[in-house]
Amino acid sequence: MLQSPTPKKRRRGRLLRLSSAFVVLLAVAGYLLVQYVTGGRGGPGCKVVSGKDDGQAYEFSQEQTMNAATIAAVGTGRGMPERAVTIALATALQESQLVNIEHGDLDSLGLFQQRPSQGWGTKKEILDPTYAAGVFYEHLAKVNDYQQLPLTVAAQRVQRSGYPEAYAKHEPEATLLSAALTGQAAATLTCQGLPDSTRANTGPDAVRAALVRDFGRTALKETGAEVTGDGSAKAESTPSTGASAGGGSSTVTLPVRSGSTRTGWQLAHWAVANSSVLHIERVSYAGREWAAGSADDPWHSTATKASGGVRIVTERQTARK
């Protein structure tokens with residue numbers, strides 16, 4: 001006959017269960033804290049919505065959105081149309097979920113799971129999102145009439161995947177991302193913008209370096225970045241390579257030519273997508289402003305319109321000792 005547990009054993013069992021529950025609660029609390037401190041790079045931190053007010057929306061992590069912005073910037077910097085950007089984004093969503101992974105099937109790597117052994121580049125090159133996007137576009141441009149082909153067909157002619165039909169399921173979200181990140185749809189991308197504590201590059205120099213990295217030097221020669229800080233007078237200049245002195249914040253203004261609203265919104269959305277890693281606090285353009293804090297807050301109207309440019313307010317980098 002089985003004996004019933006003694007009161008002492010029952011108390012011990014309850015204590016063990018309570019201890020286990022407490023450990024689980026601590027793990028959950030730790031995870032949420034990490035998500036807050038790092039700007040939620042591992043979970044949804046950004047949202048893209050349709051510019052047609054049809055309720056369509058998708059959420060991405062800060063890391064995914066930053067990589068998507070790089071892919072879009074590289075494409076437009078090369079003169080590729082919006083359709084090419086949509087194809088590239090859908091491909092990266094299928095291959096890596098827009099995460100720059102260092103492993104995959106056989107020797108596949110990076111955002112597009114490109115293989116060094118198949119001539120896509122070295123491991124170091126492929127793990128550079130700017131390079132990976134560029135070489136994808138190089139191959140896509142060689143596909144005849146790719147803009148008229150179904151997305152699955154165009155992507156497959158570049159990737160040679162074993163599951164070509166899988167690209168199609170990402171077309172809706174890639175289309176919304178592409179519209180926002182090429183500037184076709186205004187004020188449709190928001191991010192939490194919580195500072196990423198794992199990176200120290202902030203201030204005007206870091207913003208300009210990131211712009212050159214993604215869009216290329218030729219594209220940015222058309223915009224002379226104006227840098228101001230702590231109430232100083234505006235002066236068109238090229239930021240120095242050193243860190244900015246002092247605390248507070250600095251403003252980088254990217255002039256946008258009259259009639260180039262689409263370019264302005266691409267730059268504005270690019271800044272929001274990179275807000276966590278570059279510690280960007282506010283982005284203003286065309287009478288609308290985004291502020292770091294929550295991806296649920298839409299771009300709100302401002303009392304005054306920026307004078308023909310995208311204003312990026314970034315946390316100023318602390319001077320080196």
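Predicted model: local features only at pLDDT ≥ 70, side-chain atom pairs only at ≥ 80, totals over all residues.
Q: How many disulfides turn up in the whole structure?
A: The search finds one. C46 and C191 form the link. Their sulfur atoms sit 2.1 Å apart.

Q: What kind of bond is that, in general?
A: A disulfide is a covalent bond joining the sulfur atoms of two cysteines.

Q: Are C46 and C191 buried or exposed?
A: C46 is buried, and C191 is buried too.

Q: And which hand does the C46 and C191 link have?
A: The link is right-handed, with 110° about the S-S bond.

Q: New topic: helix 6. How many of its nine residues are buried?
A: Seven are, so helix 6 (residues 151-159) is mostly covered. Among the buried ones are L151, A155 and V158.

Q: What covers the buried residues of helix 6?
A: The cover includes helix 3 (82-96), helix 5 (129-141) and helix 7 (171-181).

Q: What happens just after helix 6?
A: R160 comes there, with a positive phi of about 55°.

Q: Now D296. Where is its place?
A: D296 is in the loop between strand 7 (288-291) and strand 8 (300-301).

Q: Why does D296 count as exposed?
A: Because its relative accessibility is 56%, and exposed means over 50%.

Q: How far apart are D296 and G45?
A: In sequence, 251 residues separate D296 and G45. In space, they are 9.3 Å apart, C-alpha to C-alpha.

Conventions: Residues numbered from 1 in each chain as written. Heavy atoms only, no water. Disulfide = S-S within 2.5 Å. Buried < 20%, exposed > 50% of the residue type's maximum accessible area, 1.4 Å probe, protein only. Helix = DSSP H or I, 4+ residues; strand = E, 2+ residues; numbered from the N terminus. Contact = heavy atoms within 4.5 Å.
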